[in-house]
Structures are given as structure tokens and as C-alpha cells.
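Welcome! Please take a moment to look over the sequence and the model below, and then we will walk through a few features together.

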Amino acid sequence: MAHHGMKPQHGIMAMCEKDNHNEGRFGRLFSGLPALYTKPSELKKLGAQGGPMDGGKARNDSQTIPMGMVFLGQFIDHDITLDTTSRLDKVNDPNAIFNFRTPALDLDCVYGLGPEASNFLFKDGVSLLTGKDGTALASQSQNHRDNDVARTSTGTAIIGDPRNDENRVIAQLQLAFINFHNHVVAHLQAADPSLNHGALYEKANEEVRWHYHWMILNEFLPTMIGAPLVQEIMSEGRQLFTPHKGQIPIEFSAAAYRFGHSLAPQKLKVRKAQTHDFELFGGTLGFGFQPISDDKQIIEWEVLFNIDATPFQTTDKLDTKMPTDLLALPFIPAGSENSLATRNLLRGQSFLLPSGEKASQAAGIDQTIIDKVTAHVKGNTAGIDLSNGTPLWYYILAEAECIGRKDAGGNKPGEGLGPLGGRIVGETLIGLLELDTTSFLSVDRNWIPNLTNNGDFTMKDLLTFS
Ligand code: HEM
């Protein structure tokens, strides 16, 4: 199972550069800060199975984060970043790392390059293909193809970003976004049958993106970083992320936005009638990159999001623990580092990231909060030498664990990101929307959703439409 960064390395010359005066697709938020160096042996102890990050096999559920948000988070990541060129064992220069995705929330993972350049994703130049259109693995049953993304006759998904077939849930979410687009096309066509194909596609693409942007601002971000911080960044402006055009801060992609790895479940239910949890990667749900082959793999979103009266699952807590399986990824070639935690830590170090403490100070966070997080880290990592400072990704998880998301009623440890992680994630996603000249924040900041009659739009609506 290939995932981000898993491709063969392209031997890019890694230059030890730390400026951010570039218009590349990756950049830096804290270019003035010194890089943290921690001995790789210590990073490996921190990220190893059996080490302080190993959460075992038991679930430790959050109170408030719907399980589906893990996969929406992964989907959003795939919309904006794809680094197949950096190396774990060398210093990497963000200016020289190629981002294979446009650094914008433009759903290129759904549309590819659009109906002209990515014609193979489309049915009639307007609607997107799905398994229902007869594109499927030869042996797939009708019901299974009706509920799957389009595939080649050998089963490979025909979608805008191949990573969105990496696990069963994200593949089904990809299908939900495709169906949502097709729903919007039908809706617009019914309202104005005179629209030609080009105009219809452009209008549908804009409607879908703007509703998606609305949902990120009003549902995804408040869930992950808290509504007060979203409000603050929207009204007072961004402090850290101020490039001239869209780019991905390396502190976001190599550290803060990897917070999702702590939320990921080891096991979950995907259907109402399911009596016990299935492994995310296992015999029933499959090991990724596989066509639907069992009714049990067809997801009922009510068990993953708050949609109706059905009880929905929540994610694992946002903390310093990860499911043990992610600390020994099954798809990494022998001899390469197979702990996702250690990979994140080494990746962060290879990009010369500052410590969480230094980054927090630069972001103007109270020293009392920083001291509390550092003390918490010390308590969790006995025997591991982190005396130079706490690696940024681990710091952000520790901050989530001991401080947590700030809601109107106060902070909730284990439920969402704390002050530094929240600011990096919030400023980056909001900034990407503000820097995108075709987003509703650029075109018409007062726009409100028009597909529902309550002026709001949530994942529940998207999944109901699709
Ligand atoms: C559900 C199971 C998931 C698995 C198995 C998984 C696995 C991976 C792997 C293997 C990498 C490459 C690590 C490296 O070599 O540096 C990666 C990168 C990454 N992951 Fe995940 N991930 C999952 C979910 C998520 C979620 C929920 C989020 C965020 C909410 C996320 C955010 C990221 C980011 C930002 C990167 C770096 C991407 C890039 O720069 O190209 N992942 N993930």
C-alpha cells in the first residue's frame, strides 16, 4: 500500500537552506528560528512500538470528534499536499521539495485538472464517473460496483488522487464527494436547462468548492481547533502565515497537520448492523487500494458522523498516543522505518523544524502554557533525551493532551488542538482559502450556502445529498 512519501526517492539535492522568501509550493512559518536537533536514536525510542506513544490496541475515545472527521482530515490533506521527493535520512529544503498537489483547497483530488486535461475522470465533460457507469473490476457484482468509485478492469481506482483509495473509508468518502458534485450538476441543470456543458461544469465546480470551504470553516476547523480561535483568525487576521500566494508551510505538513495520526482508529464500525469493530486494515475492510468485494465494506455514514438519531462513533483522543498498528506500518519495505510516529519525527527533523517551545514563543503563546506542556512532555518521556527541546509534532500532540481545544466554555484536553497546533492549522487552512482567488472568501466574503434552506452546510448535508 503506497502512501504519501512512500514512492521511490528522487534523489533531490538537499540544500541546508532556511529562508522563506520564495514563491515555491512549500514554505516556512518560523524561518528565523534555529532548527531543533535531537539524536535520531532518541526519536526512534519515542516513536517505537512499546514506547511512550504506543496506545496499544484499546480505544480511548474522544468525547466530541465524530469518527468520520479522521477521514475528512486525511481527504483535506490529500487535497493540498503530496510530497514524494523528500528523504527521511537527509536534510531537506522545502524550496526544493515538489508539492504534486496545488496548494489550494480546490478539490483537485476529485476533479484532477478538470474535464479537458483530466477527461478520463468524466462521463460527459460535466459529471464525474463512478462504478455505476460500468467502469469496474470485471468480476465485481452490480451492487458492489454501484457503491464504488470508477475502476479499471484490474481494479485500480480512476480518481483524481490515487491516495484516496488508501483505506476503505477514504475511498468511500471520495465517492461521496463525486456523488455530491453529480448531485449539484443535476440540480443546476434542472434549474437552468439552457446552460452549456462548459458553463454547467464551471458553475457546479464553484458550488461544490464553496460549500466544501464553508464546511471546513464552520465545521471541520471548529471541531479541530475550536470556534473561538477560528473567529479570532478570521477577524484579526493571520500572524504567522503571510505569503503572497498559496503555499504549504512545512511546519504544517511535516508536523502540525499530522495530528490526525493520533485520532486514527485501530478498529471501527462502518455499518449500523455491525456487531463488532473491524480493523481499518484487515480481512473485512481490506488492505487499501482494493475494489468493494463485500457488502460489509459499503459505508453507512450515520455511524461515522452525527447525521440522525443513530449513535455515531468518535475518534480516538487527540493525545500523544497512537494505535499500535501505526507504529509498525504493514506496507513499508523491509529495512525502512516502519513506525509512522518515528517517520513523522525524522521527517520534521530533516526539514530543520524548530522545537515546539521556540515556535510557541515566536507565536506569542504564554510562557506558563509552554512550561506546562514541557513539564507534561518530561513526565511522559522518562529515559528519552529531549533536553534540546520538544520536536514540533510531538509538542503539538502533548499540547492537545494537556491543554486541548479552546471552546466557548473553556479548554478541553484530548479534544482538538491546543494554542500552537490550533494556530498553525487554522492559519494555514484559512490562509489557503484567503489566498485562493476563486474561493468564496476572495470572491464574496458574505456568501452563504444555497443548497440547504438554513444558510448552513455540514458534512451531514454533503453526505445526505450524495
Ligand atoms: C487513517 C490512517 C492514516 C495512515 C495509515 C496515514 C499514513 C501516513 C504515512 C505513511 C505518511 C508518510 C509519512 C512520512 O514518511 O513522512 C503520512 C503523511 C501525512 N499524513 Fe497521514 N495517515 C493517516 C491519516 C492521516 C490523517 C487523519 C491526517 C490529518 C488529519 C494525516 C496527515 C498527514 C500529513 C499532513 C502527512 C504529510 C503529507 C505530505 O507532506 O505529503 N494522515 N500519513
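**A walk from the cavity to the iron**

The largest cavity has a volume of about 100 Å³. Keep in mind as you explore that this is a predicted model. A search through the whole structure turns up one cavity of 30 Å³ or more.

What surrounds this space? The largest cavity is lined by 13 residues, and those closest to its centre are Leu345, Gly348, Gln349, Pro391 and Leu392. Two helices, α11 (340-350) and α14 (392-402), each supply at least two residues of the lining. The most comes from α11, which gives four residues.

Now let us turn to the ligand. Which residue of the protein donates to its iron atom? The only protein donor is His261, whose NE2 atom sits at 2.2 Å from the iron. To find histidine 261 in the model, look for helix α10, which covers residues 260-263.

Finally, let us visit the cysteines. How many disulfides are there? The count comes to zero, the rule being that a disulfide is a pair of cysteine sulfur atoms within 2.5 Å. Is cysteine 109 buried or exposed? Cysteine 109 counts as buried because its relative accessibility is 0%, and the cut-off for buried is under 20%. Cysteine 402 has a relative accessibility of 13%, so this residue counts as buried too.

Technical notes:
Residues are numbered from 1 along each chain as its sequence is written. This is a predicted model: local features need pLDDT of at least 70, side-chain atom pairs count only at pLDDT 80 or more; totals for chains, interfaces and linings use all residues. Side-chain values use heavy atoms; hydrogens and water are left out. On a 1 Å grid over the protein atoms alone, a cavity is a set of points where a 1.4 Å probe fits but cannot get out, and a pocket is an open set with protein on both sides within 12 Å along at least five of seven lines; lining residues have an atom within 4 Å of a point. Grid points are joined across faces, edges and corners, and a volume is the space filled by probe spheres set on the points. Donors are N, O and S atoms within 2.8 Å of the metal (3.2 Å for Na, K and Ca); water is not among the atoms, so sites may look incomplete. Buried means under 20% relative accessible area, exposed over 50%, partly exposed in between (1.4 Å probe, protein chains only).
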